[in-house]
Amino acid sequence: MSTSGPLVTDLASPAENTAASGGLRLGPHPVALPYFLAPLAGYTHLSFRTVIRRNGGVGWATTDLVQATHLVSGTRWARELVRTSPEDTPLSVQIYGGVTDHLVAAAHWLESHGYAAIDINMGCPMAKITGQGGGARLMCRVDGACDLVGAVVSAVKIPVTVKMRLGWDRDRITAPTLAREFEQLGVAAITIHGRTRQQGFHGSVDRTGIRAVVEAVERIPVIGNGDVKTVGDAWSMFTETGCRAIAIGRGALLDPWLFKRLAQAEPYRLAGEPLSAVPEWTPTPADQFAFLRAHFGAMVEQHGEFSSCRQFRKFAAWYGARLGMPEDVEARFRILETNAQFEALVREIEARHGERTDARPTIEIRVPNGPVEYW
Ligand SMILES: Cc1cc2nc3c(=O)[nH]c(=O)nc-3n(C[C@H](O)[C@H](O)[C@H](O)COP(=O)(O)O)c2cc1C
């Protein structure tokens, strides 16, 4: 992984075998497996994408959302978010903003720097994003959203996709209408998180709502999203919604081998076998220790020691149960300061592996909480 080289060094990596995914494509790109890593701002940086891809099973990945104006003006953080490597393919960069010209400029920038695809964020519920007219706010005005998306699609040759929610709230479910219009404008795929902006991350995913989006389009793939944490969740998402692929965010933090499990189960799903026919697979302790070191090592390479220690603290609560960290060791990861402390903690996990019997994560990932109006 390069921290100083060109942002994109190799684009020639279309998936070779699309048979398993029933000919799934994103524009000109064949996609080998219908399991996409969803963007999780603050988590899905190059380092995380790299180690999750190495575990196997990721059909496509998307960066954290990046502000269009920051990308073009070249702020250090925006360029860090779009940093990639030859191993990190196929990849979309997700951009956001409420001003068409800004998004068009960002799309030009991405195309001219060799990125494979662009994803437009139309789902973010946070006030700092919607207040600028971006994220889920775009879903409120069908005409405005279509003008913006149409301008981005016509500005570039690379595929443009859109990730959105069902609508702003229960009374404004605009996703099916928007999906239909976007397809006509040339959008290559739609990812749909089955909640409204009003719901934030609360309540359950409305799979009937996702199905309505699937039924609204003629031929582009719809990627279902929300609360998929197991192979069983993914299989039922396919059957209940008719979606062509599934985007997984928090499930990949809870179980870094979820994509691998899905890939291993895929032949059984395609053959119509029951879930019970899929052989059980679990990572060995050695796999788990290697994963921890690989993720932290990649972070340090990308962000340096100081920032990586701070960033890794929030991963510990997710990884703890699955990677067999005793609770007190997990607590010490949450105040991590140095590389040496990291290594000492991993050694302690190695020595005390198997001590932790509770497989539930200590805390759920922090999502915005409280009344949505105040986010
Ligand atoms: C911490 C966090 C950060 C997120 N960042 C983004 C983002 O940058 N862009 C985006 O489109 N969605 C973002 N999302 C939404 C997720 O991509 C996804 O739609 C949502 O979490 C539901 O899927 P999941 O249950 O598989 O996580 C974020 C969600 C969380 C919890």
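Predicted model: local features only at pLDDT ≥ 70, side-chain atom pairs only at ≥ 80, totals over all residues.

Colleague: How do you know that the reach of α12 is close to the expected one?

Modeller: Set the two values side by side. Helix α12 covers residues 285-303, which is 19 residues, and its first and last C-alpha atoms are 27 Å apart. The expectation at 1.5 Å a residue is 27 Å, and the helix comes close to that. Just after α12, G304 has a positive phi of about 85°.

Colleague: You named α1 as part of the cover. Why is α1 called largely enclosed?

Modeller: Eight of the ten residues of α1 are buried, so the rest of the structure largely encloses the helix. Those buried residues are L46, S47, F48, R49, T50, V51, I52 and N55. They pack against β3 (35-37), β4, α10, α11 (258-270) and α12. Just after α1 comes G56, with a positive phi of about 105°.

Colleague: Let us turn to the strands. What makes β5 largely enclosed?

Modeller: Strand β5 spans residues 91-96, and six of its six residues are buried, so the rest of the structure largely encloses it.

Colleague: How do you know that both faces of β5 are covered?

Modeller: Check each side in turn. L91, V93 and I95 lie on one side, S92, Q94 and Y96 on the other, and all are buried.

Colleague: Which strand does β5 join through five bridges?

Modeller: That is β4, which runs parallel to β5. In this pair, V66 stands opposite I95. Strand β5 is also joined to β6 (residues 117-122) by four bridges, again in parallel. There, I95 has I120 as its bridge partner.

Colleague: What makes β8 mostly covered?

Modeller: Strand β8 runs over residues 189-196, and eight of its eight residues are buried. Six bridges join it to β7 (residues 160-167), and the two run parallel. In this pairing R165 stands opposite H193.

Colleague: Now some single residues. Why is L71 called buried?

Modeller: A residue counts as buried at 20 or more other C-beta atoms within 10 Å. L71 has 25 within that distance, so it is buried. You can find L71 in helix α2 (residues 68-73). Leaving aside neighbours within four places in sequence, L71 is in contact with V66, A78, V82, I95, A106 and W109.

Colleague: And why is D227 called partly exposed?

Modeller: The partly exposed class lies between 12 or fewer for exposed and 20 or more for buried. D227 has 17 C-beta neighbours inside 10 Å, so it counts as partly exposed. Its place is the loop between β9 (222-225) and α9 (231-241). D227 also has a positive phi of about 65°, although it is not a glycine.

Colleague: Which peptide bond is cis?

Modeller: The one from T89 to P90, with omega near -5°. P90 sits in the loop between α3 (76-81) and β5.

Colleague: Which residues come nearest to the ligand?

Modeller: Of the 23 residues around the ligand, A38, A41, L65, G249 and R250 come nearest. The elements giving two or more residues to this shell are β4 (60-67) and α10 (250-254). By kind, the shell divides into ten nonpolar, nine polar and four charged residues.

Colleague: How many helices and strands does the protein have?

Modeller: There are 15 helices and ten strands. Of the 375 residues in the protein, 48% are buried.

Methods
Residues numbered from 1 in each chain as written. Near = placed C-beta within 6 Å. Nonpolar A, V, L, I, M, F, W, Y, C, P; charged D, E, K, R; others polar. Expected span 1.5 Å × (residues − 1). Pairing = 2+ DSSP bridges. Contact = placed C-beta atoms within 7 Å.
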